[in-house]
Amino acid sequence: MAGKRDVDEATNTQTTGHEWDGIKELDTPMPRWWLWSLYATIVWGVIYLFLMPAWPLINGATPGLLGYSSRGAVERDIAEAEAVNAPLDAQLMSVDIASIAEDPDMLRYAIAGGGAVFRNNCSQCHGAGGQGALGGYPNLVDDDWLWGGTTEEIYQTVTHGIRYEADPDTRFSQMPAFGDILEADEIAGLAEYVLSLSGADHDADLAAAHQQTFIDNCSACHGEDGTGMRDQGAPNLTDGIWLYGGDRDTIVATITNARYGIMPAFQNRLTDAEIRKVAVYVHGLGGGE
Amino acid sequence: MTSTSETPPPLFAAREPIFPRRVSGKFRTLKWWILGVTLAIYYITPWIRWDRGPSLPDQAVLVDLANRRFYFFFIEIWPQEFYFVAGLLIMAGLGLFLFTSALGRVWCGYTCPQTVWTDLFILVERWIEGDRNARVRLWNAPWDAKKIRLRAIKWSVWLLIAVATGGAWVFYFADAPTLLGEILTGRAPAVAYLSVATLTATTFTFGGFMREQVCIYMCPWPRIQGAMMDEQTLTVAYRDWRGEPRGKHRKAAGAEQLGDCIDCNACVNVCPMGIDIRDGQQLACITCALCIDACDDVMEKVNKPRGLIDYITLADGERERAGGQDAPVWKRILRPRVILYFVLWSAIGLGLLAALFLRTDVAFSIEPVRNPVNVVLSDGSVRNAYELRLRNMTGFDRAFRLSVESPDPVALTLEGVDGLDVSVPADATYRQRVYLTAPTGSAAGAGALTDLDLVLEDTNTGQVVREGTVFHGTGE
């Protein structure tokens, strides 16, 4: 075979000598410009090595003459987005909170930005849709509010938190643990009365017998009629919405041990503009007052 | 059939320069027309104006990437209607299959931009440097003042065409008069200059220097066509049974045994691909039919019948060689695969047309909020939330009233809006959160799922669009 090459007669082209079922592979020469474009890509590759981060080192890579980094590109994008948003934020800060919703553009901006803030900072406890969770994480979608559901009140709550002792302006109240104050049978009777307030199944005699116990111990915060008091963050006991559960055992446990739900203040974590946005967003979830 | 040779083949081969000679004839005339029409469409289209009202652009054909709109005369496509574009692309693909199975490589030979611009560049070349023989002489001439001058003029004209080509492209993506002004004054976005520069460079090199190399080495379409062609495919072929043995010397002894081919090389000289069609069907042939014109011209001069080189199928070639007749033209074209491609192509086209004329100018979509699916309010009523999207696809503002049609009564309220009226600006999407509330103990509130309709009524025209959705009660 050495030196001997097949030539295909039809095309007058040499073959590679490879044959499949009588079909031979032509050894057509590559176009020379193709070779030049290969060289061009090699040259470009070498230039690129010096222009862009390429050579791996122990802690990262060579920065490249152009100083490009994908992290830097993201930072630039973020800075650009913030620059675009800056005038909107300034506008957001210049009006009072309740009137943000009056300007459709600002409202749309606040809801979009507030949604992002909510998902990053609030959804861990309140749920991605604001539906809350049984066990002390209030539902933000319903119409029942402990501390008030206007945009200003939500703004106040987010800024200073609830029972967040590091913030002197935090919303504060404390329910006493009645296990130390009342006897077990009194607490059981009180629970029946509380059940009766929202129309749940209850022992009517026991409930009636402990109405006075409720008035003596609970009405200071929950009101004589049990509809709660927002200044104290005291829940309305007459509706069907429960923060920790509305069954008999849970109510007994709540009265006995009390509850002390804490929400952190966000004024040091979020900018004022972000808090305004998230307040508008939460207000728009369906429960806003 | 192989023989052997001692020399190893070269690994790389330089491009053989090609100097196509001027030719005239019916196919050349047809090609000039196609060249003129396609180039005119390409260059003029972005400048056609179309009045759509004050808030929409007045460019007839516009791909508005920034605002996510595509305008084509009276049609406006929104991003969610991208299936129109997908459908058109599928039609374009099937159209190529259809033409290939019916008429062979007709796309390559007549309408491919590479062919059209190469034709234009060769025309310029001929005007400046002369016809084939002059160009061959110039190619072989040393680089004297005349050659440099001619080359400089030619390349300058090519460059102008290339810039115009790249320039026309960007006008499809922005308001053409505005962008032209911006480009000329240096205020256009960088991407515009980059696009013009890229397309200028490709047009200049592909049309001026790469030419047939693009078809032979770079384009994937001939490879696909190779799989689509068969013995029934119309192709440009040389009737070797009539032409062979070829010979120049008609007055020499034994000339009466010669075939019709006088070996004048006219077919080779006019070929833009630089091939000899008499070698038989080959990959490089784009079936531009210029050799047919050239040969017919010669055949008339020597008083032989035309058609020594002609559009025929391989099967017809076999039949003719055996002394038979060509199959009738309709039989070549009306083949099952042609009919299949045509049916698919036209079905998609009709489907797109139906979709175009049946679509409403207001799109109304309802997305139930699933997180949470429902919420029980303090009075025990059950509320569902929905995200509404209203797309006003007209050029004027519109006012709508929402209502609900449900088997069990539910109350409709809108977030942040008193009442049930909303207005949607021209050419805009309006998002609105709405609530449906079922009273305590109602069938919808206590049940599992209730099907209902939201109804959108244009308060001016009375046009009604309804969209079904479900209400999630608290029941299982």
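Analyst: Happy to! Let's start with an open sheet in chain B, whose three strands follow the order β3-β4-β5 with antiparallel pairing. Strands here are DSSP runs of E with at least two residues, helices are runs of H or I with at least four, and both are numbered from the N terminus. Two strands pair if DSSP finds at least two bridges between them. In chain B, β3 (61-64) and β5 (75-77) stand at the edges with a single partner strand each, so one side of each is left without a neighbour in the sheet. Neighbouring strands of this sheet are turned by 10° against each other on average, direction ignored; the axes behind such angles are lines fitted to C-alpha atoms, for helices over the stretch in contact, and angles run from 0 to 180 degrees between N-to-C directions. Between β3(B) and β4 (residues 69-72) of chain B, which run antiparallel, there are four bridges. Val61(B) has Phe72(B) in β4(B) as its bridge partner.

A word on the model itself. It is predicted, so local features need pLDDT of at least 70 and side-chain atom pairs count only at pLDDT 80 or more, while totals for chains, interfaces and linings use all residues. Residues are numbered from 1 along each chain as its sequence is written, and chains are lettered from A and ligands numbered from 1 in the order in which they are written.

Chain B also has an open sheet of four strands, in the order β13-β11-β15-β16 and again with antiparallel pairing. Its edges are β13 (421-424) and β16 (464-472) of chain B, each with a single partner strand, so one side of each is left without a neighbour in the sheet. The twist averages 30° from one strand to the next. Strand β11 (residues 398-405) of chain B is joined to β13(B) by four bridges, and the two run antiparallel. Here Phe400(B) has Val422(B) in β13(B) as its bridge partner.

Pairing also crosses between the chains: β4(A) and strand β2 (residues 12-13) of chain B pair in the parallel sense over two bridges. Met30(A) stands opposite Phe12(B) in β2(B).
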